[in-house]
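Please look at the sequence and the 3D structure shown below, and keep both in view while reading the report that follows.

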Amino acid sequence: MRIIAKSTLKKFWEQSAYKDAESVLTSWYEEVRKADWKTPQAIKAQYSHASICKNNRVVFNIGGNKYRLVVEMQYRAGIVWIKFIGTHEQYDKIKVEAIDEY
């Protein structure tokens with residue numbers, strides 16, 4: 001999969017409060033980069049705790065469910081577009097289906 005954009009993840013983990021997210025986000029990035037998801041079911045097969053939402057959005061639990069990562073999937077093009085990364089508290093303040101770039 002092509003992930004847009006790793007810089008969003010890096011910007012997040014470079015914040016002093018979220019330094020612990022670097023290794024788990026890097027692992028997620030590498031796993032997804034190697035994936036070939038054509039359907040939501042393919043995502044669920046690899047990440048059973050991922051939430052499939054409206055508007056082609058998927059929510060991943062990151063770092064033992066400490067963080068939430070929201071992406072928009074473009075299955076035909078093979079693109080994973082990062083829309084949001086944050087804590088549960090931050091996640092609770094967004095509307096998953098409508099959030100644009102973080």
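Leaving aside its neighbours within four places in sequence, with which residues is Lys 66 in contact? The model is a predicted one, in which local features need pLDDT of at least 70 and side-chain atom pairs count only at pLDDT 80 or more, while totals for chains, interfaces and linings use all residues. Residues are numbered from 1 along each chain as its sequence is written, and side-chain values use heavy atoms, with hydrogens and water left out.

**Lys 66 and its loop**

Once those neighbours within four places in sequence are set aside, Lys 66 is in contact with Asp 20, Thr 87 and His 88, where contact means heavy atoms within 4.5 Å. Lys 66 lies in the loop between S3 and S4; helices (H or I, at least four residues) and strands (E, at least two) are DSSP runs, numbered from the N terminus. With 42% relative accessibility, Lys 66 counts as partly exposed, a class between buried, under 20% relative accessible area, and exposed, over 50% (1.4 Å probe, protein chains only). The C-alpha atoms of Lys 66 and Lys 54 are separated by 23 Å, and these two residues are 12 residues apart along the chain.

Asn 65 is also found in the loop between S3 and S4, and it has a positive phi of about 75 degrees although it is not a glycine. Asn 55, which is placed in the loop between strand S2 (51-52) and S3, has a positive phi of about 65 degrees, and it is not a glycine either. Asn 65 is partly exposed at 36% relative accessibility, and Asn 55 is partly exposed with a relative accessible area of 47%.

A further backbone feature is a cis peptide bond, with omega about 0 degrees, which joins Ile 4 and Ala 5. Ala 5 is found in the loop between strand S1 (2-4) and H1.

**Two helices in contact**

The axes of helix H1 (residues 6-13) and helix H2 (residues 21-34) come within 9 Å and cross at roughly 165 degrees; such axes are lines fitted to C-alpha atoms, for helices over the stretch in contact, and the angles run from 0 to 180 degrees between N-to-C directions. H1 is therefore roughly antiparallel to H2, a term that applies to angles over 145 degrees. On the side of H1, the contact is made by Lys 6, Leu 9, Phe 12 and Trp 13, and on the side of H2 by Ala 21, Glu 22, Leu 25, Thr 26, Trp 28 and Tyr 29. The residues of this contact of H1 with H2 divide into seven nonpolar, one polar and two charged.

**A buried strand residue**

Ile 62, which is found in strand S3 (residues 57-62), is buried, with a relative accessible area of 4%. Not counting residues up to four places away in sequence, Ile 62 touches Val 24, Leu 25, Trp 28, Tyr 67 and Leu 69. Leu 25 and Trp 28 also belong to the contact of H1 with H2. The C-alpha atoms of Ile 62 and Ile 85, 23 residues apart along the chain, are separated by 9.3 Å.

**Aromatic rings**

The structure holds eight aromatic pairs, where rings of Phe, Tyr and Trp (its six-membered ring) pair if their centres lie within 6.5 Å, and where planes under 30 degrees apart count as stacked, over 60 as edge-to-face and the rest as tilted. The table gives two of these pairs.

| Pair | Arrangement | Centre to centre | Angle between planes |
|---|---|---|---|
| Tyr 18 and Tyr 67 | edge-to-face | 6.0 Å | 85 degrees |
| Phe 84 and Tyr 91 | tilted | 6.5 Å | 50 degrees |

Tyr 18 counts as buried at 12% relative accessibility, and Tyr 67 counts as buried at 1%. Phe 84 and Tyr 91 are both buried.

Key: Angles under 35 degrees count as roughly parallel, over 145 as roughly antiparallel, 65 to 115 as roughly perpendicular and the rest as oblique. Ala, Val, Leu, Ile, Met, Phe, Trp, Tyr, Cys and Pro count as nonpolar, Asp, Glu, Lys and Arg as charged, and the others, Gly among them, as polar.
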